[in-house]
Amino acid sequence: MTTEPARDPGLQPERTRLAWRRTTLSGTVAAVLAVKTALHGGTTLPGVLVCALSVALWLGFLLVAHRRIDTLAAAPAPVALTSRQAATAVLCTVALAACAAALLF
C-alpha cells in the first residue's frame, strides 16, 4: 500500500490571488476612465447610461474576483473555478471593453 505525498502547492495560490487583484485593479482603472470619458464633454443620456453600465459591470467583476480570492485564501488546496464564475468574469470583462469602445466612438 502506497500513500501519496501531501500536495505542495508552493506559491501557486498566492500568485493566483495576486493575479485576481491585478485584474480587479485594471478593471477599476477602466471603469474610472469610462466614467471620466462619459462625463468629460457634459452629461448626456447615452453617456450616463454607458457610465452606469460600466460601473455595474465593474461591480459584477469585483464580486466574482473577491469571492475567488476568499475561496483561494480559505481552502488548503485550490478549488477549481466554477464555470458560472468564469463565464461571469468573462462577460463582465468583454462587456466593459465594449462600453469603452462605445465611449470612444
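**Helices and their contacts**

Arg17 and Glu14 both belong to helix H1 (residues 12-40), where they stand 3 residues apart, about one turn of the helix. Helices here are DSSP runs (H or I, at least four residues), numbered from the N terminus. The model is predicted: local features need pLDDT of at least 70 and side-chain atom pairs count only at pLDDT 80 or more, while totals for chains, interfaces and linings use all residues. Residues are numbered from 1 along each chain as its sequence is written, and side-chain values use heavy atoms, with hydrogens and water left out.

**The salt bridge**

- Arg17 forms a salt bridge with Glu14, and their closest N and O atoms are 2.5 Å apart.
- The term requires a side-chain nitrogen of Lys or Arg within 4 Å of a carboxyl oxygen of Asp or Glu; by this rule the count comes to 1 salt bridge.
- Arg17 is buried, at a relative accessible area of 18%, whereas Glu14 is partly exposed at 34%.
- Buried means under 20% relative accessible area, exposed over 50% and partly exposed in between (1.4 Å probe, protein chains only).

**H2 against H3**

- H2 and helix H3 (residues 83-104) pack at an angle of about 155°, and their axes are 9 Å apart.
- Axes are lines fitted to C-alpha atoms, for helices over the stretch in contact, with angles from 0 to 180 degrees between N-to-C directions.
- H2 and H3 are therefore roughly antiparallel (over 145 degrees; under 35 counts as roughly parallel, 65 to 115 as roughly perpendicular and the rest as oblique).
- The residues of the contact of H2 with H3 comprise 11 nonpolar, 5 polar and 1 charged.
- Ala, Val, Leu, Ile, Met, Phe, Trp, Tyr, Cys and Pro count as nonpolar, Asp, Glu, Lys and Arg as charged, and the others, Gly among them, as polar.

**Ser54 in H2**

- Ser54 lies in helix H2 (residues 45-74) and is buried, with a relative accessible area of 0%.
- Leaving aside neighbours within four places in sequence, Ser54 is in contact (heavy atoms within 4.5 Å) with Ala31, Ala34, Leu96 and Cys99.

**H1 against H3**

- The axes of H1 and H3 come within 10 Å and cross at roughly 30°, which makes H1 roughly parallel to H3.
- Trp20, Gly27, Ala30, Ala34, Thr37 and Ala38 of H1 make the contact with Ala89, Leu96 and Leu103 of H3.
- The residues of this contact of H1 with H3 divide into 7 nonpolar, 2 polar and no charged.

Terms used: Helix = DSSP H or I, 4+ residues; strand = E, 2+ residues; numbered from the N terminus.
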